[in-house]
Amino acid sequence: MKSIKHTFFYSHKPEIVWDYLTKSDLMAEWLMPNDFKPIVGNEFQFRAKPMPNFNFDGIIYCKVLELVPNKKLVYTWKGGPNSGKTTLDSTVMWTLMPKDKGTELLLEHNGFATDEAMLQIFSVMDTGWLQNIKKIANLLN
């Protein structure tokens with residue numbers, strides 16, 4: 001299995017960065033429209049542009065697994081119907097650490113198989129996460 005890992009630094013307190021990871025309207029500004037609620041066990045969806053060539057309907061199915069306010073957020077990330085060309089059953093983990101009067105944010109997205117189709121998805125998502133998370137910095141300023 002492969003994992004996406006990125007570390008970012010924001011010159012803002014963890015509480016401020018946390019809001020961009022847990023408030024549905026703020027998440028929609030940098031990631032995707034969603035119905036997220038910061039409650040362990042809550043099932044929610046992200047809505048993206050459908051990609052018919054990957055048999056992806058544009059819906060990412062998620063469930064909050066762990067939540068430690070201002071420190072850690074973990075949720076499942078599932079996309080692609082089981083009968084389709086691609087099925088992604090993975091986990092996203094955000095870890096926030098106070099550092100240098102700001103916040104170090106670690107993203108770990110785990111669970112990518114190593115078959116050719118999944119490696120393409122991995123590459124697209126790796127780039128996508130980088131682009132999207134940089135949007136948080138712009139929104140904070």
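Predicted model: local features only at pLDDT ≥ 70, side-chain atom pairs only at ≥ 80, totals over all residues.
Residues are numbered from 1 along each chain as its sequence is written, and side-chain values use heavy atoms, with hydrogens and water left out.

**The whole chain**

Display the whole protein as a cartoon. It contains 3 helices and 6 strands, where helices (H or I, at least four residues) and strands (E, at least two) are DSSP runs numbered from the N terminus. Followed from the N terminus, the elements run β-α-α-β-β-β-β-β-α. The radius of gyration is 15 Å, close to the 14 Å that the globule rule gives for 141 residues, so the protein is as compact as a globular protein of that length. That radius is taken over C-alpha atoms, and the rule is 2.2 Å times the number of residues to the power 0.38. Along the principal axes, the C-alpha atoms fill a box of roughly 45 × 25 × 25 Å.

Colouring by accessibility shows that 43% of the 141 residues count as buried; buried means under 20% relative accessible area, exposed over 50%, and partly exposed in between (1.4 Å probe, protein chains only).

**The sheet**

Select the strands next. The 6 strands form an open sheet in the order β1-β6-β5-β4-β3-β2, with antiparallel pairing; two strands pair if DSSP finds at least two bridges between them. β1 (2-10) and β2 (43-47) stand at the edges with a single partner strand each, so one side of each is left without a neighbour in the sheet. On average, and with direction ignored, neighbouring strands are turned by 25° against each other. Axes are lines fitted to C-alpha atoms, for helices over the stretch in contact, and angles run from 0 to 180 degrees between N-to-C directions.

Helix α1 (residues 14-22) touches β1, β3, β4, β5 and β6 (102-112), and its direction makes about 165° with that of β5; contact means heavy atoms within 4.5 Å. Helix α3 also packs on the sheet, touching β1, β4, β5 and β6, and its direction makes about 10° with that of β1.

**Strand β4 and its partners**

Zoom in on β4 (residues 72-79), where 6 of the 8 residues are buried. β4 pairs with β3 (residues 59-68) in the antiparallel sense over 6 bridges, and K78 of β4 is the bridge partner of Y61. With β5 (residues 88-99), β4 runs antiparallel and is joined by 8 bridges.

The hairpin of β3 and β4 has 3 residues between the strands. N70 lies in this loop, and its phi is near 65°, a positive value in a residue other than glycine. N70 is partly exposed, at a relative accessible area of 24%.

Move to the loop between β5 and β6 and select K101. Its phi is near 60°, again positive in a residue other than glycine. K101 is exposed, with a relative accessible area of 83%.

**The nonpolar core**

Finally, show side chains. A nonpolar core is a set of buried Ala, Val, Leu, Ile, Met, Phe, Trp, Tyr and Cys residues joined through side-chain atoms within 4.5 Å. The largest one has 37 residues, and those with the most contacts inside it are W30, F46, Y75, W77, W94, W129 and I133. The largest share, 8 residues, comes from α3.

Centre on I133. Residues up to four places away in sequence aside, I133 touches F8, Y10, W30, W94, L105 and L107. Then step to L107 in strand β6. L107 counts as buried, at 0% relative accessibility. Beyond four places in sequence, its contacts include I4, V92, W94, W129 and I133.

End at N132, in helix α3 (residues 116-140). N132 is buried, with a relative accessible area of 15%, and it touches W30 and L31 when residues up to four places away in sequence are not counted.
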